[in-house]
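Please find below my comments on the model under review. They are set out as numbered points, to be read alongside the sequence and the coordinates.

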Amino acid sequence: MAVDREKYVLLALGSFGNRLSDCVPCTQCYKQNAPLFNPTKTTTYRTVSCTSQQCQSLGPDSSSCDKSNSCLYQVSYGDSSYSNGDLAVETFTFDSSTSKESVVFPKIVFGCGHNNDGTFNETGSGIVGLGGGAVSIVRQLETTIGGKFSYCLTTMDSKSSSKISFGLNAIVTGPNVSSTPLVQKSPDTFYYLTLEGVSVGNEALAYNYIPNSNSKASVEEGNIIIDSGTTLTFLPSSLYEGLESALEKSISGSRVSDPQGLFGLCYELPSNGEFNAPPIIAHFTGADVELTQESIFIEVEKGVVCLTFMPSQDLAIFGNLHQMNFLIGYDLENQKVDFLPTDCSKTQ
């Protein structure tokens with residue numbers, strides 16, 4: 001089965017639940033092109049009780065009860081977006097990739113949002129959460145899809161929609177596929193990988209990069225999460241500094257300050273509109289993933305391009321810009337993630 005991403009603002013692997021949607025009545029909602037979901041127009045919608053297992057699985061920080069003992073959810077994201085509303089069940093319908101008949105799943109838990117705002121785009125109607133938590137859509141459909149899903153994210157300037165698939169159609173195959181193990185860690189909503197280091201051109205930088213040192217410290221398994229809901233890639237500060245230094249030595253261009261005050265390494269965009277950076281390869285255990293050229297630097301305002309990596313003192317994250325034009329498959333049964341370089345604008 002497959003779903004077109006056109007209606008959704010993002011696929012958030014580390015997010016709450018499985019689906020957050022703008023619902024009627026909406027006291028505070030971002031502008032969206034699609035009609036709001038109206039629970040009164042369907043006979044299969046039901047709110048979830050506060051005493052239910054689904055509500056309890058959210059935890060006390062993400063749930064509360066109203067006067068009728070219905071479960072309310074509250075969720076916020078790192079980019080200051082948020083959604084509050086009713087935890088509910090509804091029948092979900094997916095297109096099938098193998099037959100003309102749709103695939104129907106009754107009583108799927110989702111968040112019916114009445115107060116949503118932040119960085120949502122008007123072409124989106126909510127968030128699809130694919131995390132490993134108890135109420136994730138992946139976990140709810142697990143017996144049907146065999147713990148398998150994949151997505152292919154198009155570039156930012158593409159007019160095509162990104163795609164997501166579940167089940168047998170999500171298996172990634174081919175001679176150019178590289179695979180890396182999933183590492184089991186807590187919290188289980190995240191998908192942990194092991195990043196051994198990065199290469200900038202011919203310069204290799206270990207994950208535990210130490211300037212002017214040839215020593216190679218052991219790498220902790222599960223030291224980075226892969227998340228399609230995070231835009232940039234966040235690296236440990238020392239590794240980021242090595243990456244920035246290696247790029248600066250390799251790039252001939254006019255360095256400028258970031259006008260937004262967010263990014264660390266920015267350059268003037270040449271008059272021909274082409275900015276070239278040396279190849280960057282992310283070395284995961286068993287998988288060397290060469291990032292697409294257009295994902296390494298992005299134009300943050302007219303005439304200025306900035307590096308799409310950031311330093312972090314906390315969790316390292318492999319963000320969605322560096323997942324563009326890869327078919328990425330998650331196999332939770334065999335505990336692996338597959339990468340296949342793909343022109344995602346041409347996927348069916």
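**Notes on the predicted model**

1. Leaving aside neighbours within four places in sequence, Cys266 is in contact (heavy atoms within 4.5 Å) with Ser254, Arg255, Val256, Asp258, Val304, Val305 and Cys306. Cys266 lies in strand S19, residues 266-268; strands here are DSSP runs of E with at least two residues, numbered from the N terminus.

2. The model is predicted: local features need pLDDT of at least 70, side-chain atom pairs count only at pLDDT 80 or more, and totals for chains, interfaces and linings use all residues. Residues are numbered from 1 along each chain as its sequence is written, and side-chain values use heavy atoms, with hydrogens and water left out.

3. Cys266 is buried, at a relative accessible area of 1%. The term buried denotes under 20% relative accessible area (1.4 Å probe, protein chains only). Between the C-alpha atoms of Cys266 and Lys159, which are 107 residues apart along the chain, the separation is 27 Å.

4. An open sheet is formed by four strands in the order S18-S19-S23-S22, with antiparallel pairing; two strands pair if DSSP finds at least two bridges between them. Strands S18 (255-256) and S22 (297-301) are at the edges, each pairing on one side only. S22 and S23 (residues 304-307) are joined by four bridges, and Glu299 stands opposite Val305 in S23.

5. Gln32 lies in the loop between strand S3 (19-22) and strand S4 (46-47). Gln32 is also buried, with a relative accessible area of 13%. Not counting residues up to four places away in sequence, Gln32 touches Asp22, Glu122, Gly124 and Ser125.

How values were computed:
Buried means under 20% relative accessible area, exposed over 50%, partly exposed in between (1.4 Å probe, protein chains only).
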